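User: I am new to this structure and would like to learn how to read its features one by one. Please give the general idea where there is one, and then the case at hand.

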Amino acid sequence: MVGPGDARGATQAALELPPVKLVALEVEALSVPLRDPFVIASGRIDVTRAALVRATVEDASGRRASGLGEAAALPPVTREDQPELLAGIADVAPSLLGLRLASTADRWAALSSAITRVLPGSAVARAGVETAILDAWCRAGGVPLARALAGPGEARSPVSSFLTDITLPISDPERMVEAARRHHAAGFDCFKVKVGRDWRADRASLRAVGAAIPGARIRLDANAGFSAADALALLDAVLADGLLVECYEQPCAADDLAGMAEVTARSPVPVVADESFRGAADLDLIVRARAAHGVNLKLVKLGGALASLELGRRARAAGLRLMAGAMVETRVGLLAMAHVVAALGGADWVDLDTAFLLASDPFVGGWSVSGPDIELAAEPGLGVAVR
């Protein structure tokens, strides 16, 4: 099992992909119920609110390959909701047909530019469309997406397997303990615990989980719900209770970099920026303000795999650690993020678990999973298909 990835020098050459053109782009609703409500400090979701994108490309000989992408909304974290995503992607699809993709040095920039031109205001929609096209293109070339993304001279070699945590949404202590025990029986001992509404109530829930699962590793996620004072009060309390806290995600409001910096300066565990980090400009602000020890990469937040890959590299170069996360997504979206993680040589914290929280899985392929262990399939593109 490979965790964050060994710091080995990569020697792979730039991977060639066949020239193709986009001949079809379709979108439909992707609504899958969750087993339990997904409650965070800023909202609740009971059914995934996503758009499933299908892209078809054709090579010079007329052979076609199709790919899938997921544009996943999580109101109120994302500005768009499912209806806007479906309408927006359907509206721009005709303008992208005929798009030609060539395996040139600037191929990623050219693809990203073409999608951004027609969807400038929706990072979520761009992520879904880009993923579907990348999946189709890599299937046409017969290579996994991670191999295509991992460029020459990477600081770390690509990986194919890693460990994910499992999320415990905000609930009463009894229900959180019940969920923790169920996940622990499936092999999980690392829990991302949602907090951020009332730090005293959060402490009670965390105490209960810690008592039920001795030795549990905890990743706190406040989803921008706390002031700096309350964020630190909770952290001090749970550490005094003897809980093993691995990191603290977005303790303060997205625009409260001063609060984030205060928590970062005083926290004995790494602080990770999520809602505060939506692109290159935010990354620069976070670095200058010393507002976090790491950042959370999410495809639908950053606009797709290509932007996430580049920003992950930039964040590392600035001395920040990486979390790989998602909204509430099916295995399509999670696989796309997983291939970015693989191309980056791993991440410090992997949080790609929401497919395991759904009442059903409409997809097959792409990975093999045993509890928290994720192994990417060595199949072209994402390797995923509709069940």
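User: Is Ala-291 buried or exposed, and why?

Analyst: This is a predicted model, and what follows is read from its atoms. Buried means under 20% relative accessible area. Ala-291 has 0% relative accessibility, so it counts as buried.

User: Where does Ala-291 sit in the chain?

Analyst: Ala-291 lies in a loop, the one that runs between α9 (280–289) and β13 (294–297).

User: Which residues is Ala-291 in contact with, leaving aside its neighbours within four places in sequence?

Analyst: With those neighbours left out, the contacts of Ala-291 are Leu-257, Met-260, Ala-261, Thr-264, Val-271 and Ile-286. A distance in space can also be set beside a separation in sequence. Ala-291 and Val-263 are 28 residues apart along the sequence, and their C-alpha atoms are 8.0 Å apart.

User: What is the phi of Asn-223, and where is Asn-223 found?

Analyst: The phi of Asn-223 is positive, about 45 degrees, although Asn-223 is not a glycine. Asn-223 belongs to the loop between β10 and α7 (228–240). With 6% relative accessibility, Asn-223 counts as buried.

User: How many of the residues of strand β10 are buried?

Analyst: In β10 (residues 217–221), four of the five residues are buried, so the strand is largely enclosed by the rest of the structure.

User: In which sense do β9 and β10 pair?

Analyst: Strands of a sheet pair through backbone hydrogen bonds, either parallel or antiparallel. Strand β9 (residues 190–194) pairs with β10 in the parallel sense, over five bridges.

User: Which strand is joined to β13, and by how many bridges?

Analyst: Four bridges link β13 with strand β14 (residues 321–324), and the two run parallel. Val-295 stands opposite Leu-322 in β14. In turn, β14 pairs with strand β15 (residues 349–350) over two bridges, again in the parallel sense. There, Ala-324 has Val-350 in β15 as its bridge partner.

User: What is the order of the open sheet of four strands?

Analyst: The order is β5-β4-β1-β6, and the pairing is antiparallel. The edge strands are β5 (64–73) and β6 (100–101), each of which pairs on one side only. Within this sheet, β1 (residues 20–30) and β4 (residues 49–59) run antiparallel and are joined by 10 bridges. Leu-25 stands opposite Ala-55 in β4.

User: Now the helices. At what angle do α5 and α6 pack?

Analyst: A pair of helices can be described by an angle, an axis distance and a handedness. Helix α5 (residues 173–185) packs against helix α6 (residues 199–212) at an angle of about 35 degrees, and the axes are 9 Å apart. The crossing of α5 past α6 is right-handed.

User: Which residues of α5 and α6 meet?

Analyst: From α5 come Pro-173, Met-176, Val-177, Ala-180 and Arg-181, and they meet Ser-205, Ala-208, Val-209 and Ala-212 of α6. By class, this contact has seven nonpolar, one polar and one charged residues.

User: Is Ser-205 buried or exposed?

Analyst: Ser-205, which is found in helix α6, has a relative accessible area of 7% and is therefore buried. Leaving aside neighbours within four places in sequence, Ser-205 is in contact with Ser-171, Asp-172, Pro-173 and Met-176.

User: How many disulfides does the structure hold?

Analyst: The structure holds zero disulfides. A disulfide here is a pair of cysteine sulfur atoms within 2.5 Å. Take Cys-252: the closest cysteine sulfur, in Cys-247, is 15 Å from its own sulfur, which is too far for a bond.

User: Are Cys-252 and Cys-138 buried or exposed?

Analyst: Cys-252 counts as buried because its relative accessibility is 0%. Cys-138 is buried as well, with a relative accessible area of 1%.

Notes. Residues are numbered from 1 along each chain as its sequence is written. This is a predicted model: local features need pLDDT of at least 70, side-chain atom pairs count only at pLDDT 80 or more; totals for chains, interfaces and linings use all residues. Side-chain values use heavy atoms; hydrogens and water are left out. Buried means under 20% relative accessible area, exposed over 50%, partly exposed in between (1.4 Å probe, protein chains only). Contact means heavy atoms within 4.5 Å. Two strands pair if DSSP finds at least two bridges between them. Axes are lines fitted to C-alpha atoms, for helices over the stretch in contact, and angles run from 0 to 180 degrees between N-to-C directions. A crossing is left-handed if the near helix is turned anticlockwise from the far one by less than a right angle, and right-handed if clockwise. Ala, Val, Leu, Ile, Met, Phe, Trp, Tyr, Cys and Pro count as nonpolar, Asp, Glu, Lys and Arg as charged, and the others, Gly among them, as polar.
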